[in-house]
Amino acid sequence: MNVDVIVVGGGLHGMSAALHIARRGHSVLVLEKDRVAAHASSYSAGGVRTLGRHPAEVPLAVESLAMWHRIAELVGDDCDFHETGHVKVAETAAELAELEARAAAMRAAGWDHEEAIDAAELRRILPAVAPHATGGLIARRNGFARPYRTTLAFQRAAEAAGATIREGAGVEGLDRRDGQWQLRCTDGSTHTAPMLVNTAGAWGARLARSVGEEIPLGFNAFMMIYTSALPPFVTPVVGLTGRPMSFKQAETGHVMIGGGHKGIGDLDTGAVALDVERLAFSAKTALDVFPILKDARMVHAWAGIEGVLPDEIPVVGLSRTVPGLVHAFGFCGHGFELGPVMGGIVAQLALDGATNMPIAPFAPDRFGAPAAAGPGALLQPAG
Amino acid sequence: MSGLVILGAGPAGSAAAAILPEARLIATAWHAEPGRLWIETAAGVEAVPFDRLLLCADEPLLLLALGCAFADGRPQVDPTGRTSQPGIHAAGAILGASTAEEAARQGRIAAQSLAGLPPEGVLAATPLAEPEAPGRLDPLSIAQLLETPPGPARSAGILAQAALRGPRLSSVAAPARNVGFAALAAMAPATLTPRETQADTGTLA
């Protein structure tokens, strides 16, 4: 197949890129080695969160959040998005001071979406929170959506706009000749395009490596839990300041607990293995903060593979080693919220060679250079 | 202590235990991983190590978690009950034995094989009709399915989801049975060293 743009990777970011490219009138083919949304794009926690992000991600996350609030206009489906707010809970006075400093720093930088709250306000918002909680940080317009439904909605919208999606087509070889990429796939198909987009998630560095671009991408198999259905007791998505945890209750009453404890993944097979001791640690943390869970049952546990980078922000930008290649991968367990905006950025890079969004901190060649000074992210739960 | 474990205290498990008196007999487990079964008792959550396992209870999700191959809704076994995974056998209800007598006969055959004795006959799984999968479910829908009472319908639904996913993401079916949240939390260590990010130096397929 000969198209304008080939996108490698059929997760949310690949589908969003394909949608934005197709809507600009260009032919686009998505190659997915497995199935659409095989890993992070269907197995993440689905957090739609600007709260606590790395400062470099904030402008993109804020722009993307606005898109989430009108997501049905973009993809014809509400993706089960709920505006619930996200709250980061402080468990000590020192943690509350850290959150207050963060809110002040964000305001000084011109962002007003994070608000420190005291213990009384926290308890009003989270009546079931444990007594030792000292306060928190809230982003009231944040929420959550269902990842698999969201990715399928982007897929349908992309296909409606003219994109072609090919599953079971892993890229096993690529060359660039005379301004054209030539890709050979595991299903025997071959494809050419002048522009290539790498949204291969945890597998993204393999594609980069094949064209001589070494990016220090690792991967994690982040684990998640669903409890049995419980009566409603928490509305916002909850994270902690000093411990990895994300926590939310679905409309069905089931409570999802994730946030960073890892199983074992295998990039060659795609298989994951749970780690029961670490699941137990997640359960202990959740129980510390929400004692109401003491009578719940764990009904499901799973893991999905996510690409992660040493500075915990993604690689987004044009390749520095070869022309005609755009990278957008390594979202470190918190790329779901960025999905809507990232497709537009990738489309700009692929079709215009530049974007008006501030992506310099995500440059593929930033590794090895001295780290930029300034504040980082708060502890960010995966998903 | 590793060793031989028989899971399932029905006719097959009981018959097998009579031939394998050194085996630990347990009624059921909520999760399995290579070399360990996870059980929940009044005392809490406990890991039961094994190097050989005979699974007799109708708990196919445990064998799925152990990576055993399935066909026609049943674990694939040879005439002595060996599954596709070394050291793991199956007999009785898990293979669709329709009577207590047949389950006990299968349990004896599998136990004789594990004991190194000549089996008195052969066993085979009874095929199930492959259920229609409703399409891939997301984790919340899988949780709702796993929350339904254990039984053939629940197992068939989860096996269908696993078949849609292929051998990857075996955790789609986990755990085989639900477990008390507080009991699970109680076995957590006081502190936990974070697992390092896994490195990758691989190349394209």
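Predicted model: local features only at pLDDT ≥ 70, side-chain atom pairs only at ≥ 80, totals over all residues.
A disulfide is a pair of cysteine sulfur atoms within 2.5 Å.

**Exercise 1. Cysteines**

Find how many disulfides the whole structure holds, and decide whether Cys79(A) is buried or exposed.

*Solution.* Start with the search: over all chains, it returns 0 disulfides. Next, take the cut-off for buried, which is under 20% relative accessible area. Cys79(A) has a value of 0%, so this residue is buried. Cys332(A), at 7%, counts as buried too.

**Exercise 2. A helix pair**

Describe how helix α1 (residues 12-23) of chain A packs on helix α7 (residues 147-160) of chain A.

*Solution.* Two packed helices are described by the angle between their axes and the distance between the axes. Here the angle is about 25°, and the axes lie 8 Å apart. Angles under 35 degrees count as roughly parallel, so α1(A) is roughly parallel to α7(A). The crossing of α1(A) past α7(A) is left-handed. Now look at the residues that meet: α1(A) contributes Leu12(A), Met15(A) and Leu19(A), among others, while the α7(A) side includes Thr150(A), Phe154(A) and Ala158(A). Sorted by class, this contact has 8 nonpolar, 4 polar and 1 charged residues.

**Exercise 3. An arginine**

Terms used
Residues numbered from 1 in each chain as written. Chains lettered and ligands numbered in written order. Heavy atoms only, no water. Axes fitted to C-alpha atoms, helices over the stretch in contact; angles between N-to-C directions. Helix = DSSP H or I, 4+ residues; strand = E, 2+ residues; numbered from the N terminus. Parallel < 35°, antiparallel > 145°, perpendicular 65-115°, else oblique. Left-handed = near helix turned anticlockwise from the far one by under 90°. Contact = heavy atoms within 4.5 Å. Nonpolar A, V, L, I, M, F, W, Y, C, P; charged D, E, K, R; others polar. Buried < 20%, exposed > 50% of the residue type's maximum accessible area, 1.4 Å probe, protein only.
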